[in-house]
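Before reading on, take a moment to look over the chain from end to end. The paragraphs below begin with a single residue and then widen the view.

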Amino acid sequence: MAELRKECSDLRTSNKSMEIMLQNIARARSPFLPRHSVTAQAGPSNVLITSPTRDVTTQSYPFPDREVPGFYVVIPAGGAGTRLWPLSRENHPKFLLDVNLCGNSLLQSTWERLLPLAGPSRMTVVAGPAHSEGILGQLPNLAPSNLFTEPGPKDSMAAIGLAAAILLRRDPDAVIGSFAADHMISGEEAFLGAVTEAVEVAKEGYLVTIGIAPSHPATGFGYIRLGDRLGLKSAPHSRLVSSFKEKPDAHTAAKYLATGQYRWNAGMFVTKASLLMELLKEHCPALHEGLMNISAVWDDEAARKVALEEVWPTLEKIPIDNAVAEPAAAQGKVAVIPSTFGWDDVGDFSSLAEMLPAESNKPRVLGDQRLVVSEQTAGGIVVPVSGRLITCLGVDDIVIVDAPDALMVTTRARSQEVKSLVKKCREAGWKNLL
Ligand SMILES: Nc1nc2c(ncn2[C@@H]2O[C@H](COP(=O)(O)OP(=O)(O)O[C@H]3O[C@H](CO)[C@@H](O)[C@H](O)[C@@H]3O)[C@@H](O)[C@H]2O)c(=O)[nH]1
């Protein structure tokens, strides 16, 4: 018996070491994978994904004073973030990467930031089937029943609408807040304060967004024009949204900034689930009907599978901004909480560069500084991943990303266009590297 016990113990140790070894290998391959993650390759102790005992209702909740009762977090985790290729790949999209080498992926940081408000049982994620395993591996406290798997990308309205329709059936009074899985935020207290205020305004029957103070005339974001103050005691900063302006050109963006009346749209929406579905019914009735039909059978696995197969492909592909936010703003039903926390959608290598400390006449380095030797090369960003030495001379504002299997070189000004480079690689037959 003692021998058997020792054998079991040895086996457990070797499984454990195997897991650590595999995680270390994965990390050595890419330092941009987060520190804490249980993946399918992690070996036999990978029970989190299938374990029927993964029960969030029994988990401890360490932030009782921050909790907002009845508030549900929805994290749409879509898109591959191809502008960050070759760091991001189809199997490791931006939200699963630790892009600033802080130890957490963007998804994990999003989860931790919002957990105090909702607690694990009211945290939900909407994502495609290819990423379910990665998501559950990175978020061990996410209940599998709170991961809403969509068969294919249908843009943000269908993703957020699916979560809203399911949560509405679970809790008719649910207030939901949707927050992208792959954004960076600094000033977390200000962020939590803004969301808490947004919930108060949502309870008054508004679709509420959070407006970010713009720091430069960005062309990759939507803008929100501020309207009148709402005058709510519980939400002193709240204003009506006068209108949304999606991704203006540089000239128009500069004009917006000069007025002081615009905020960036960070794609954060807080609303009663019932209001979101009413607005959807009014402005996109077919999409509303499809989502209501799917949510009606969500808890029946077989019926859900059929509904997703039959209905999902027919749904309209439309962003939440166009589907409901813009038309509802014209009806005076959208409010904004202008806020001051730092925010970025880390959309490309140029915005990643902005997050790193600058040194004069040197590129910023994301990774091991010793691997980059440069002269007269200012303003750019170098990402050494492969481990080889990278040298540059006289190439200002350059972007170099040196992954083991692909090297990407561009300029900061053109880093938004990496997306089209990825498309070109696909056409050239390099699908396995994307
Ligand atoms: N699950 C899922 N999520 C999706 C899908 N499509 C988009 N999303 C998620 O919805 C959010 C917004 O989608 P994007 O496609 O990234 O939007 P965008 O063009 O960048 O513009 C929106 O976000 C900007 C801020 O990043 C805003 O400035 C802009 O006004 C707009 O709201 C992101 O979190 C993205 O992951 C989808 O098919 N499925």
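In this predicted model, serine 132 touches Leu147 and Thr149, when residues up to four places away in sequence are not counted. The place of serine 132 is in helix H3, which runs over residues 132-138. Is serine 132 buried or exposed? Serine 132 has a relative accessibility of 14% and therefore counts as buried, since the cut-off for a buried residue is under 20%.

The ligand is the next stop. Around the ligand there are 21 residues, of which Glu150, Gly222, Lys247, Asn265 and Asp321 come nearest. By kind, the residues of this shell divide into eight nonpolar, six polar and seven charged. Which elements each supply at least two residues of the shell around the ligand? They are strand S1 (71-77), helix H4 (155-170) and strand S9 (262-272), and the largest share, three residues, comes from H4.

A polar backbone atom of asparagine 265 is 2.5 Å from an oxygen atom of the ligand, whereas for aspartate 321 a polar side-chain atom lies 2.8 Å from an oxygen atom of the ligand.

Finally, consider helix H7, made up of residues 273-283, in which Ala273, Leu275, Leu276, Met277, Leu279 and Leu280 are buried. Against which elements do the buried residues of H7 pack? Their partners include H4 and S9, two of the elements that each supply at least two residues of the shell around the ligand. The buried residues of H7 also pack against strand S4 (175-178) and strand S6 (207-212), as well as against helix H8 (285-296) and helix H10 (320-330).

Key. Residues are numbered from 1 along each chain as its sequence is written. This is a predicted model: local features need pLDDT of at least 70, side-chain atom pairs count only at pLDDT 80 or more; totals for chains, interfaces and linings use all residues. Side-chain values use heavy atoms; hydrogens and water are left out. A residue is near a molecule or strand if one of its heavy atoms lies within 4 Å of it. A polar contact is a pair of N or O atoms within 3.5 Å; within protein, one must be able to donate a hydrogen and the other to accept it, and residues adjacent in sequence count only if both atoms are side-chain atoms. Helices (H or I, at least four residues) and strands (E, at least two) are DSSP runs, numbered from the N terminus. Ala, Val, Leu, Ile, Met, Phe, Trp, Tyr, Cys and Pro count as nonpolar, Asp, Glu, Lys and Arg as charged, and the others, Gly among them, as polar. Buried means under 20% relative accessible area, exposed over 50%, partly exposed in between (1.4 Å probe, protein chains only). Contact means heavy atoms within 4.5 Å.
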